[in-house]
Amino acid sequence: MEELWAAFEGASTALRGGFERSASGLPLGCTVAGVASGSVWLRPAVADDWPQIWPFFAQIVAQGHTYAYPDGLTLETARPLWMEPPPAHVVVAVGRDPHGVERVLGSVKMGPNRPGRGAHVATASFMVDPASRGQGVGRVLGEYLLDWARAAGYHGIQFNAVVETNVAAVALWRSLGFEIIGTVPEAFDHPDHGLVGLHVMYHRLG
Ligand SMILES: CC(C)(COP(=O)(O)OP(=O)(O)OC[C@H]1O[C@@H](n2cnc3c(N)ncnc32)[C@H](O)[C@@H]1OP(=O)(O)O)[C@@H](O)C(=O)NCCC(=O)NCCS
């Protein structure tokens with residue numbers, strides 16, 4: 001956990017709204033414009049977060065618009081697919097519900113795209129709870145990824161499979177400096193649009 005916080009702190013400076021800091025100097029959170037509670041905190045995910053991530057993970061996977069995960073996943077079989085151990089780094093965005101209870105709004109997992117000779121390029125996956133979309137959570141998670149990957153010394157970040165009809169994600173990644181390297185035609189079976197392309201998107205950090 002110490003290492004996670006160290007990476008987290010090193011990568012936190014550019015987050016929108018600026019981080020509050022605890023007495024110990026650890027980042028506590030950042031303000032995201034438009035979020036009902038006024039604040040969203042990013043922190044490394046802990047095992048107990050998974051039961052809160054799972055409902056929107058399951059909803060997003062079942063919708064079938066953005067990710068190709070296996071069918072029939074359960075709370076337990078999906079857990080290792082998202083809550084990956086180091087060198088992966090899993091972060092949650094949290095806010096407070098109207099009763100003041102902390103709630104996970106979204107999550108990003110990041111780490112090397114490939115082992116060994118591909119390990120200097122990072123990759124990541126993002127999910128924001130549909131109930132919390134359009135409020136800046138995805139952007140804050142994306143900005144965090146960029147800072148984390150720079151701080152960790154990665155050469156670049158590669159997204160391997162961005163569904164071309166996922167307009168929100170494509171717009172967000174472009175606005176953060178990612179470019180479409182190429183598109184694998186008809187590689188994703190979309191429930192509404194049929195076979196659509198998968199973009200490979202890349203952001204050079206060096
Ligand atoms: C993609 C995703 C992470 C964005 O999260 P979000 O919290 O809704 O995004 P934000 O509110 O931070 O919006 C950031 C940008 O995304 C784009 N965007 C968001 N919603 C959009 C929409 N419905 N249409 C077009 N662009 C949209 C805008 O460029 C927006 O920029 P702005 O900050 O100038 O408004 C979220 O939609 C999600 O989890 N989708 C399902 C899983 C997924 O697609 N993951 C990524 C796979 S590559």
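**Notebook: helices, cores and a ligand shell**

I began with the overall count, and the protein has five helices and nine strands, where helices (H or I, at least four residues) and strands (E, at least two) are DSSP runs numbered from the N terminus. I noted that this is a predicted model, in which local features need pLDDT of at least 70 and side-chain atom pairs count only at pLDDT 80 or more, while totals for chains, interfaces and linings use all residues. Residues are numbered from 1 along each chain as its sequence is written. Reading from the N terminus, I wrote the order of elements as α-β-β-β-α-α-β-β-β-α-β-α-β-β.

**Burial and cores**

I looked up burial next: a residue is buried if 20 or more other C-beta atoms lie within 10 Å of its own, exposed if 12 or fewer, and partly exposed in between, with C-beta atoms placed from the backbone. Of the 206 residues, 33% count as buried. I then searched for nonpolar cores, meaning sets of buried Ala, Val, Leu, Ile, Met, Phe, Trp, Tyr and Cys residues joined through C-beta atoms within 7 Å. The largest has 32 residues, and Leu141, Tyr144, Leu145 and Ala149 are among those with the most contacts inside it. Helix H4 gives the most to this core, with eight residues. A second, separate core has nine residues, including Val163 and Phe188.

**Helix H4**

I checked the length of H4: at 1.5 Å a residue its 15 residues should span 21 Å, and its end C-alpha atoms are 21 Å apart, which agrees; the expected span is 1.5 Å times one less than the number of residues. Leucine 145, leaving aside neighbours within four places in sequence, is in contact (C-beta atoms, placed from the backbone, within 7 Å) with Val108, Met110, Ala124 and Ile157. After H4 comes glycine 153, whose phi is positive, near 85 degrees.

**Phenylalanine 57**

I found phenylalanine 57 in helix H2, residues 50-63, and it counts as buried because it has 22 C-beta neighbours inside 10 Å. Setting aside neighbours within four places in sequence, phenylalanine 57 is in contact with Ala78, Trp82 and Met127.

**Around the ligand**

I counted 21 residues surrounding the ligand, with Arg133, Gly138, Arg139, Ala168 and Leu172 the closest; a residue is near a molecule if its C-beta atom, placed from the backbone, lies within 6 Å of it. Helix H5 gives the most to this shell, with six residues. The shell residues divide into twelve nonpolar, seven polar and two charged, where Ala, Val, Leu, Ile, Met, Phe, Trp, Tyr, Cys and Pro count as nonpolar, Asp, Glu, Lys and Arg as charged, and the others, Gly among them, as polar.

Notes: Two residues are in contact if their C-beta atoms, placed from the backbone, lie within 7 Å.
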